[in-house]
Structure formats: structure tokens, C-alpha cells
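I open this notebook to record what I looked up in the structure shown below.

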Amino acid sequence: MLLHAIYLVAIVAEAMSGAIIGMRRGMDLFGICLIGTVTALGGGSIRDVLLGHYPLSWIAHPQYLLFTIGAAIVTALVARQLHHLRKVFLLVDGLGLVTFTVLGCDIARSTGAMSIGIHPGIAVMAGMITGVFGGLLRDVLCNEVPLVMRHELYATVSLVTGALYMGLLWLHVDAAIAALVAVAIGFAFRVLAMRFHWRLPGFSGEGIRGIE
Amino acid sequence: MLLHAIYLVAIVAEAMSGAIIGMRRGMDLFGICLIGTVTALGGGSIRDVLLGHYPLSWIAHPQYLLFTIGAAIVTALVARQLHHLRKVFLLVDGLGLVTFTVLGCDIARSTGAMSIGIHPGIAVMAGMITGVFGGLLRDVLCNEVPLVMRHELYATVSLVTGALYMGLLWLHVDAAIAALVAVAIGFAFRVLAMRFHWRLPGFSGEGIRGIE
Amino acid sequence: MLLHAIYLVAIVAEAMSGAIIGMRRGMDLFGICLIGTVTALGGGSIRDVLLGHYPLSWIAHPQYLLFTIGAAIVTALVARQLHHLRKVFLLVDGLGLVTFTVLGCDIARSTGAMSIGIHPGIAVMAGMITGVFGGLLRDVLCNEVPLVMRHELYATVSLVTGALYMGLLWLHVDAAIAALVAVAIGFAFRVLAMRFHWRLPGFSGEGIRGIE
């Protein structure tokens, strides 16, 4: 229940992040609503399509679209003031990332129960796809090299959260407790990573000759 | 039946629009056939994958591929003359947009009858996805910020057409009559929007500071 | 069995090609693993989603992910030396292309046997999607106009291989023999195309006026 409430706050935050990037690219109101919705619900949609998990969440619960479209429109109206809320926004976005991840793992587990057995590693992947592929779609539509491929602790936080959650379930920890522990530790990891600018090794690309 | 005939004309027109943009990006013959096909059939494919509606239309009816590939090849041969047909082309494209939309709503309704109940708002979304996501895929493959996100009355026409069609069905109007009325009014709306350069509010992007 | 062994070598080669392009775009370690995996497994995933063929290969066989992620990490470590292996790499990549194609045709045939009859032309398309769409996704994520749309003999080789394989099956040739013949002839075609720089007609894009 708590996870579900956090989920609703998170899709609003994701929709707002998409809307802001859309505005910076000169999109109109329709484009802003679309990019906000894709950012918020795209990760979960890709996960469901890859797993064959139908119906998709926003088709079963059309009210999610009202949340994302509403968030995009509000963002378009107040965008010039939003940078004052930058820190709040980053915290909500980080909370959303870990919540999306845990919910994505759960969807993969339930799909596995329905048909084939899903490998725990695939459940962790499904969680990560839920957490980060919305932002990846946003960047592809805005014609940019996806940010998530260049600032990786975002994805790493998702991976760690999913692995922790699946590990706790494997140890027969109660699902609700496992979810809360994974969300809490994942969120703390994300906050620390932002605070201390942790990052994975990157590559300058210089001196790399093509092989194709 | 009439809708189906318009549909075939529309996929030819969409394939031609894709082929022309591909030629301007320096693609070769294969790329032009692929971009034409994706533009014409991509919107319906995304809709079917999101709904879990299998088999996809072009897999059940492979002859659609002959239409789109043929249209792309013809376009490659006569592209230098095509701008004389600009007005005819825009009219066919507008007719295709509203036809795609109504057919997309119908697919969503029939999917809903098969398994879960589909919300009427989701059927309108499915119609809009059918109408505008082919062009969106085209622009992503051609490495551009999708046009549909910047010139929005295209998408708005699709939304109005789908909402009108679903509204008439809700009022128990016969499906064939509802389809014709929605296509006629949607098409008139599109023609007027082009004639008088109607557009939604856009955003300059200046002064928008990031929050990520 | 032989095809399966070639398949594993091919996904490693594809993952390496993706990783190298990711490094040139300044991605970090996570981005490089993701782009390598998408390049290697993306074509088959798109094919399976379009056909409604579940579960996807990497969900049923999670060890494929270890191959692609391992290949990407190794590539990141030794990238500066890889251009010495350029010719070996191109040969493995060409062998992978025709192997992916034949395996993609087979998946489409088996899907057809399960539910609806799949048209042989659609099986050829499914083979081509398997062969070339991984590289297409790689280029979209790296924000480039897909290479496959500009250097088409790559896709043409896939098309010829798939058509040859389906043609041999239609003539009641044993499936294993048909696969080996198609792979051998397709591979020879690819090697000759590279050696003699064969290409399809391209278009300069100059003088093409838009019709939208």
C-alpha cells in the first residue's frame, strides 16, 4: 500500500522531469504531455512487453494517464519556478527510482508464477528496466544520447536495490519487509551517490579506433 | 469496406512520406524501403504490441508490406517530381491520419471484447497511437526530435477524431455511421488547421532551468 | 548444434561492436554493458515481441546476458588493441549476421506452427529483423542515423540468406542441410560484398523538396 502511494508520487515526478526536458527542446503542449507520460510509464511498459505481461499497467488503470498528463500540464505552467524545488525533486526522483525497481521485480515474479519460472537475475533486470528505461526513452525521443548511459550510479542504484530485494526474498524474508528494506537502503545509496558525486569509470572515447 | 480502401491508400501515402525523409537523410534503397514501411505500419504495430493484440496486421496480411515497399521504391524513382503533388499528398495524409485513428479505436475495442474490458479513453489513446506513432518512429530513426511533438494539431486532430468516434458509439450510433462521421469531421478539422495554421501553445525553452 | 555454437560466438561479437561504439560516445561502464547487450539481443527481442513469441530468448536463457555483459567488459578493458583484430572481427560479425537470420526464420516458423500459419515472406522478414535490428537499436541509442540504412548490403545479405533458407525448405530439403547451405552462401556473399565494396544505389538527398 505504501509502495503504491510512493509509486503515484513517483510517476508524477517522472512526468515532470520529462515535461521539463521537452520544454527545453521547444515542444508544444501535446509533445510535453506525451514525453511526460512516456518518461513516467515507458519503463514499466517496456518491461511488460518484454515479459509478455498483459494488460499493461496504464491500460488496466487508465487513471495513471491523468496523473502523468496533469503533471505535465502543471509543469508547463510553473516551469520557471521549479528550479527552486530542485532538491525536493531529486529526492522524490530517487525514491521513485527504487520504488519502480522493487515493483518491477514483483511484476516479473508474478509473471513467472503464471507461466514459466523467471530466473531471479531476470527479475532484477526487470526491476532495472522499470526504473531506468523511462528516462532512456525520454532521451531517445529528445534526440540525445541517454543520460543514464553516461551517469551510471542511477542505474547502479536500481541494480543494487533489485538484487537486495530478490536476495531478501530468497532468504524467506516477508515480502513487505523486504520491499521496505530494499527501498530504504537503495534510497540512502542514491542520496549518498548524489551528495558525494560517486560515479563508475567512464571512457573518454579518444584513441578508440572502430572495428567496423 | 470504404475505411479499408482508405486505409490502403493511407499506408501508401505514409510510406511515401517516410521514403522522402529517408532520401533527404542520404539513405540507400534498403533504408528507404524500411523507413517507408516503419512510417506506414509502425503506429499500428506499437498499438498491437501495447495491447497484446496478436498477430500484428502486417503479419496476418503480408501483402501490406508489398504496398509499402512498392510505394517507397516508386517514391525513390519520382521524388524530384513529387512536390508538384504536395497538396494532394497533404490531403491524403490527413485522410490517412483520421482513418488510422478510427481503425485503431476499433482494434482496441475488439481486444477489449476478447479479454479484459478496455476503457473508452484507452481506445482513444490506441487510435492516436495508430495515427501518429508511425511518424514518430520515422523521426527517431532519422535522428530528429519528432515533428509530431512540435506541430501538435496533427496529434490533436487524431485525439478529437477518436474521442468523437467513441462518443458516437457510446450514444449507440451504428458503428459504420459513427466511423464515417468521425472521419469526415476529423478530416475537415485537419484541413482547416492546415489552411489557417492553427497550433497549440508552444514553449521557447528559454529560461527553463533543469531540475535534474 | 553447430548453429547454436555460432550463435553464442555471434552475440559476443555483436556485444563487442556495441561496446566499442558506446565507448566512442563517452558512455560509462553501465552504458557500455547495456549498449552491448541491446546490440546482441535487441534484434531477436524485437522479432519475438512482434511475433508474440514468449518467453524471449534471454529471459528463458539468462546466461546469454552473462555472455554479452562479459564481452562488453572485456571490450572496455582491451579496446585500444582491438583494431588489430579488425578482419577477424568483421568475419565473425558476418557469420553472426547470417546465423541470426537463419535462427530468426526458424523462430517465425515455429511460432507459425503453434498458432497461425506464418507466410514464408514474414519468416524471411523475421530473419532479417533478427539479423539487423540489433545494430539499428544500437545506432538509435547512440543518437545516429542507423548505419544499416546507409550501407545496405548488410541487410541485403540477410534478406538473401533468409530467402534462400526458406526456399530450400519449400523444396523439402532437410532443415539442417538447408541451414548450412544458406549460412555458407550468405557468408560468402557478405565476404565478397565487403571485398569488392558492393553497394545498392543511394541518394544524395539534394534537390529533394519536402512534401509535408
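**Conventions.** I work with a predicted model, in which local features need pLDDT of at least 70 and side-chain atom pairs count only at pLDDT 80 or more, while totals for chains, interfaces and linings use all residues. Residues are numbered from 1 along each chain as its sequence is written, and chains are lettered from A and ligands numbered from 1 in the order in which they are written.

**Confidence.** I looked up pLDDT, the predictor's confidence in each residue, from 0 to 100. Chain A has a mean of 85, with 89% of its residues at 70 or more. Among the elements of chain A, the highest mean belongs to helix 2 (residues 29–51), at 93, and the lowest to helix 5 (residues 86–114), at 82. For the complex I noted an ipTM of 0.86 and a pTM of 0.89 from the predictor.

**Fold.** I found 8 helices and 0 strands in chain A, taking helices (H or I, at least four residues) and strands (E, at least two) as DSSP runs, numbered from the N terminus. Of the 212 residues in chain A, 56% are buried, that is, 20 or more other C-beta atoms, placed from the backbone, lie within 10 Å of the residue's own.

**Helix 7.** I checked the length of helix 7 (residues 153–170) of chain A: its 18 residues should span 26 Å at 1.5 Å a residue, and the 25 Å between its end C-alpha atoms agrees. The expected span is 1.5 Å times one less than the number of residues. In helix 7 of chain A, 14 of the 18 residues are buried. After helix 7 of chain A comes A:His172, with a positive phi near 65°.

Methods. A residue is buried if 20 or more other C-beta atoms lie within 10 Å of its own, exposed if 12 or fewer, and partly exposed in between; C-beta atoms are placed from the backbone.
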